[in-house]
Amino acid sequence: MKKAFTLIELLVVIAIIAILAAILFPVFAQAKEAAKKTSCLSNAKQNILAVLMYNGDNDGSFAQSAYSTTFAAGCVVPGTGSRIYSVFDAIQSYTKNVQIYTCPSKPDSILWKDKVLTPLGLQVEGPITVASYAPNFALFEDPAVPPTGQPGTCPGHTVAGDGVINENSLQDVVYTPVFYDSKHQAAGTINEEVREVDPNYLTNPYYQVVGPFSGYNFPGTARHSVQIVINFADGHAKTYRRNAKLPVPNSPQSYANPTVLTPPYNLPYDLNGLIGIVSDPSS
């Protein structure tokens with residue numbers, strides 16, 4: 001007489017397989033995400049080394065966030081179809097690798113060409129069309145972007161622009177963010193991560209962005225199991241939990257209220273600003 005599995009035995013085997021799958025699949029997923037985080041951290045490290053190489057060739061000055069190759073004085077004028085050379089492009093010339101700007105976990109979180117420049121009536125000049133990391137907009141200044149720019153040199157500009165930042169002006173290179181895990185937050189859209197980490201999210205300018213282009217449109221995002229990858233002006237890169245506090249002193253001033261001491265950074269969303277100089281995410 002041939003032996004066969006009983007229904008109970010089959011159900012027990014299926015149950016064991018289901019239990020093992022429930023245990024192992026999350027482990028495999030975590031291992032996969034850990035590998036992506038490691039790759040992202042490597043990208044951030046290569047990126048900051050390229051930034052320092054750029055600075056070395058430019059008397060210690062950081063690149064501009066963007067300037068136009070179409071208009072004189074590099075004026076960035078929305079709606080003109082002018083071509084924009086960005087900080088991404090400036091640094092990429094030292095890496096010769098566009099993949100360094102994309103994170104394996106979310107390679108298209110910033111659609112630089114299609115969702116940032118094109119709606120503003122602008123075009124890309126360099127090779128970078130997508131990215132996963134945003135620059136500290138207070139570090140990579142924008143002398144040619146409205147409403148900045150030298151008076152009379154750019155159409156519609158009426159006030160003097162912010163000059164480029166030099167390494168020698170930084171008060172704490174160890175904890176000054178340069179690039180960080182980010183995503184593009186279009187005007188009017190909701191940033192759920194802000195709701196999760198900030199009890200006062202309704203008044204947080206990162207929660208529902210108003211304008212089309214500022215630091216608020218590029219919030220930090222903890223995409224690696226609630227961890228965010230950041231690189232710093234001294235040349236190192238590190239991951240932080242999204243509710244971490246960078247061990248830095250308060251900034252002495254803020255554009256919003258110069259008389260109040262303001263924490264320069266609020267992880268994960270706000271990584272714009274310069275320690276001891278200005279805490280201004282809209283820079």
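**Labels and their grounds**

Author: Read along the sequence, this protein follows the pattern α-β-β-α-α-β-β-β-α-β-β, which comes to four helices and seven strands. The model is a predicted one.

Reader: What makes Asp59 exposed?

Author: The relative accessible area of Asp59 is 72%, and the label exposed is given over 50%, so Asp59 is called exposed. Asp59 is found in the loop between α1 and β1 (66-68), and its phi is near 55°, a positive value in a residue other than glycine.

Reader: Why is Ile14 called exposed, and which nonpolar patch on the surface includes Ile14?

Author: Ile14, in helix α1, has a relative accessibility of 53%, and because the label exposed applies over 50%, Ile14 counts as exposed. The patch is formed by Leu7, Ile8, Leu10, Leu11, Val12, Ile14, Ile16 and Leu20, which together have about 770 Å² of accessible area.

Reader: What is known of the interior, and which residues have the most contacts inside the largest nonpolar core?

Author: Of the 283 residues, 45% count as buried. The largest nonpolar core has 54 residues, and Phe140 and Phe179 are those with the most contacts inside it. Elements that each supply at least two residues of this core include α1 (7-57), α2 (87-95), β5 (177-181) and β6 (227-232), while the largest share, six residues, comes from α1.

Reader: With which residues is Phe179 in contact, leaving aside its neighbours within four places in sequence?

Author: The partners of Phe179 include Asn47, Val51, Phe88, Tyr133, Phe140 and Ile230. Across the protein, 67% of the contacts between residues at least 6 apart in sequence join residues at least 24 apart.

Reader: What is the omega of the peptide bond that joins Leu267 and Pro268?

Author: Omega is about 0° there, and the bond is a cis peptide bond; Pro268 lies in the segment after β7.

Conventions:
Residues numbered from 1 in each chain as written. Predicted model: local features only at pLDDT ≥ 70, side-chain atom pairs only at ≥ 80, totals over all residues. Heavy atoms only, no water. Core = buried A, V, L, I, M, F, W, Y, C linked by side-chain atoms within 4.5 Å. Buried < 20%, exposed > 50% of the residue type's maximum accessible area, 1.4 Å probe, protein only. Contact = heavy atoms within 4.5 Å. Patch = residues over 30% accessible without salt bridge, like charges linked within 9 Å, V, L, I, M, F, W, Y side chains within 5 Å. Areas by Shrake-Rupley, 256 points an atom, 1.4 Å probe, with all protein chains shown as cover. Salt bridge = Lys/Arg side-chain N within 4 Å of Asp/Glu carboxyl O.
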